[in-house]
Amino acid sequence: MTESSTPDLRMSSAPPPPPAPASAPASAPAAAAASAPASAPANGAPTGAEMARATEVLRIISASYSAKMVGQDRLRTSLLVSLIAGGHILLESVPGLAKTTAASTLADTVKAQFKRIQCTPDLLPSDITGNQIYDAATGSFRTVLGPVHANFVLLDEINRSSAKTQSAMLEAMQEHQTTIGGEIHHLPKPFLVIATQNPIEQEGTYELPEAQMDRFLLKEIVEYPSPAEELEVLSRIDSGVLDPDRHVASAVSLDDVHLLQDVASRIYVDPAIRNYIVSIAYVTRNPAPYIGEERARFIKYGASPRASIAFLQASRALALLKGRSHVLPEDIRELRHLVLRHRVLLTFEADAEGIRSEEIIDQIFASVPTP
């Protein structure tokens with residue numbers, strides 16, 4: 001295949017592209033040839049022993065999580081995918097659906113540092129990252145690190161903090177470091193930010209800017225429990241399992257988490273899957289030829305390249321959770337709402353007509369042939 005800066009999706013050597021209109025867009029995305037060599041990780045595919053150990057660690061974490069949490073299996077999966085992929089997660093739901101409990105339970109399961117930050121309008125950036133304090137005894141300044149310097153950081157009701165305070169998290173989330181008084185302080189590894197927000201109480205809140213939303217690997221919508229699960233919650237309250245002072249015993253170490261992240265980074269992703277990911281991202285930015293003008297008008301902005309990166313990283317983590325050493329197209333489809341609901345931004349018109357981003361995302365996926 002000859003090299004070109006913008007080869008057409010319809011090239012015969014490429015995996016099946018999105019259905020092309022009569023006149024294909026001039027800027028169609030590059031599609032790797034089907035015969036292109038697979039980009040295997042430098043350290044090689046995970047061994048059978050590594051996969052077995054990773055599976056056992058995940059079983060222990062899941063068992064410890066379920067010992068306190070009732071149901072919320074989808075939330076558990078999303079949290080674990082974020083942890084394994086080395087990303088961050090935004091949780092959204094009405095109050096009382098155990099978002100904070102889920103975050104603290106996962107942190108308790110891993111023997112690691114956990115910090116909770118309650119976001120309020122008067123919260124300052126230095127309250128998160130840290131500050132320099134004058135020490136009269138020594139006549140010098142000393143640095144006091146803020147609560148963001150932990151393995152697990154829960155930002156509760158992140159949209160209640162001001163835009164200036166929210167921006168203090170950008171460097172930490174993207175670069176895994178903070179800068180205090182001109183001095184760089186690296187964050188511990190692993191580093192996972194779990195942010196929560198309440199969609200129904202908007203008074204006194206600050207909407208997260210698109211740049212910060214894009215930093216979250218996934219966005220999960222936490223649903224109400226079933227009647228049976230709610231009855232179990234009441235039972236566990238009576239038994240003391242959900243007592244705030246009662247914590248789950250640490251089940252795995254940071255070394256175990258590092259193992260999971262290392263194994264996941266070597267999960268095989270076929271070139272056809274990579275083309276599938278890139279094609280999906282392209283259609284979110286150029287939707288009209290694929291989902292029609294009527295639906296395309298509801299999309300204000302498509303997904304950035306971070307969406308493609310998120311699909312790549314999260315699909316590897318999900319494959320590992322399912323005990324596989326390779327990614328399937330089904331993994332990409334399963335992650336579609338988690339990865340895209342906060343990246344495919346809809347217009348005010350869509351909001352007025354009650355169009356949800358998940359509906360548009362499903363139509364985009366329906367327009368892209370599965371490899």
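Helices (H or I, at least four residues) and strands (E, at least two) are DSSP runs, numbered from the N terminus, and in the protein chain of this predicted model there are 16 helices and 11 strands. Residues are numbered from 1 along each chain as its sequence is written. Because the model is predicted, local features need pLDDT of at least 70, side-chain atom pairs count only at pLDDT 80 or more, and totals for chains, interfaces and linings use all residues.

Begin by colouring the chain by pLDDT, the predictor's confidence in each residue, from 0 to 100; the average is 84, and 86% of the residues score at least 70. Now select residues 1-16, where the pLDDT is below 50, and then residues 19-40, where the pLDDT is also below 50. Where pLDDT is low, the predicted coordinates should not be read in detail.

Next, select the open sheet of 5 strands, which has the order 2-5-8-1-9 with parallel pairing; two strands pair if DSSP finds at least two bridges between them. Its edge strands, each pairing on one side only, are strand 2 (114-118) and strand 9 (218-221).

Within this sheet, look at strand 1 (residues 89-92) and strand 8 (residues 192-197), which pair in the parallel sense over 4 bridges. If you pick out glutamate 92, you will find that its bridge partner in strand 8 is glutamine 197.

Finally, select helix 2 (residues 73-85), which lies across strand 1, strand 5 (152-156), strand 8 and strand 9 in contact (heavy atoms within 4.5 Å). Helix 2 runs at about 170° to strand 9, where axes are lines fitted to C-alpha atoms, for helices over the stretch in contact, and angles run from 0 to 180 degrees between N-to-C directions.

Key: Side-chain values use heavy atoms; hydrogens and water are left out.
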